[in-house]
Amino acid sequence: DEGKIDPVTGLRPVKLEYRDSEGRLLTRREAFRQLCHKFHGKAPGKKKTDKFLAAIQEEQRSQKVDALGSISVLQRIQQQTGQAYVAMQHPNQQPNLPSRR
């Protein structure tokens, strides 16, 4: 749809992406806040900054675990069971894997 020209206006639609200095995608609100902070020359408070950094670190930690840990675990369980699916269980329970004889 991005390449198509709008028949009414004769223009192509534009999708704006807001990114921070690290290249992370921002919402409109986050981008506006950064713009306001930069324009007025005032930074957010220490608590807000710490909260924002903690959220970023948590997101990075969860992405790393998802990308590395869960995929390899799922593939290993699929190989052991010989099935294309994995039954989900409570995190504290061990999966019931059939014993190989």
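# Salt bridges, patches and helices

By the rule used here, the count comes to four salt bridges, a salt bridge being a side-chain nitrogen of Lys or Arg within 4 Å of a carboxyl oxygen of Asp or Glu. You're looking at a predicted model, where local features need pLDDT of at least 70, side-chain atom pairs count only at pLDDT 80 or more, and totals for chains, interfaces and linings use all residues. Residues are numbered from 1 along each chain as its sequence is written, and side-chain values use heavy atoms, leaving out hydrogens and water.

Q: What makes up the secondary structure of the protein chain?
A: Two helices and two strands, running β-β-α-α from the N terminus on. Helices (H or I, at least four residues) and strands (E, at least two) are DSSP runs, numbered from the N terminus.

Q: What makes Glu17 and Arg19 a salt bridge?
A: Their N to O distance is 3.2 Å, and the rule asks for within 4 Å, so the pair counts. Glu17 has a relative accessible area of 45% and Arg19 has 46%. Both are called partly exposed, because the scale goes like this: buried is under 20% relative accessible area, exposed is over 50%, and partly exposed is in between (1.4 Å probe, protein chains only).

Q: Is Asp20 buried or exposed, and how do you know?
A: Asp20 is buried, because its relative accessible area is 10%. Asp20 also forms a salt bridge with Arg24, with the closest N and O atoms 3.1 Å apart. Arg24, at 27%, is partly exposed.

Q: What makes Glu58 and Arg61 a pair, and where do they lie?
A: Their side chains meet in a salt bridge at 2.7 Å, N to O. Both lie in helix α2, three residues apart, about one turn of the helix. An α-helix has 3.6 residues a turn, so residues three or four places apart point the same way. Side chains of opposite charge can pair when their charged atoms come close.

Q: How do you know whether the span of helix α1 agrees with its number of residues?
A: Helix α1 (residues 28-40) has 13 residues. The expected span is 1.5 Å times one less than the number of residues, which gives 18 Å, and the end C-alpha atoms are 18 Å apart, so the two agree. Just after α1, Gly41 takes a positive phi of about 75 degrees.

Q: Why is α1 said to lie largely in the open?
A: Of its 13 residues, the number buried is one, so α1 lies largely in the open. Across the 101 residues of the protein chain, 5% are buried.

Q: Why is Val14 called exposed?
A: Val14 has a relative accessible area of 71%, so it counts as exposed. Val14 sits in the segment before β1 (18-19). Together with Leu16 and Tyr18, Val14 forms a nonpolar surface patch with about 320 Å² of accessible area. Patch residues have over 30% relative accessible area and no salt bridge; nonpolar side chains (Val, Leu, Ile, Met, Phe, Trp, Tyr) are joined within 5 Å, and like charges within 9 Å.

Q: Which residues form the positive surface patch?
A: Arg29, Arg33, Lys48 and Lys51. The elements giving two or more residues to the patch are α1 and α2 (46-81). Lys48 is found in helix α2 and is exposed, because its relative accessible area is 53%.

Note on methods:
Accessible areas come from the Shrake-Rupley method with a 1.4 Å probe; for residues, only the protein chains shown count as cover. Lys and Arg count as positive and Asp and Glu as negative; His and the chain ends are not counted. The place of a charge is taken as NZ of Lys, CZ of Arg, CG of Asp or CD of Glu.
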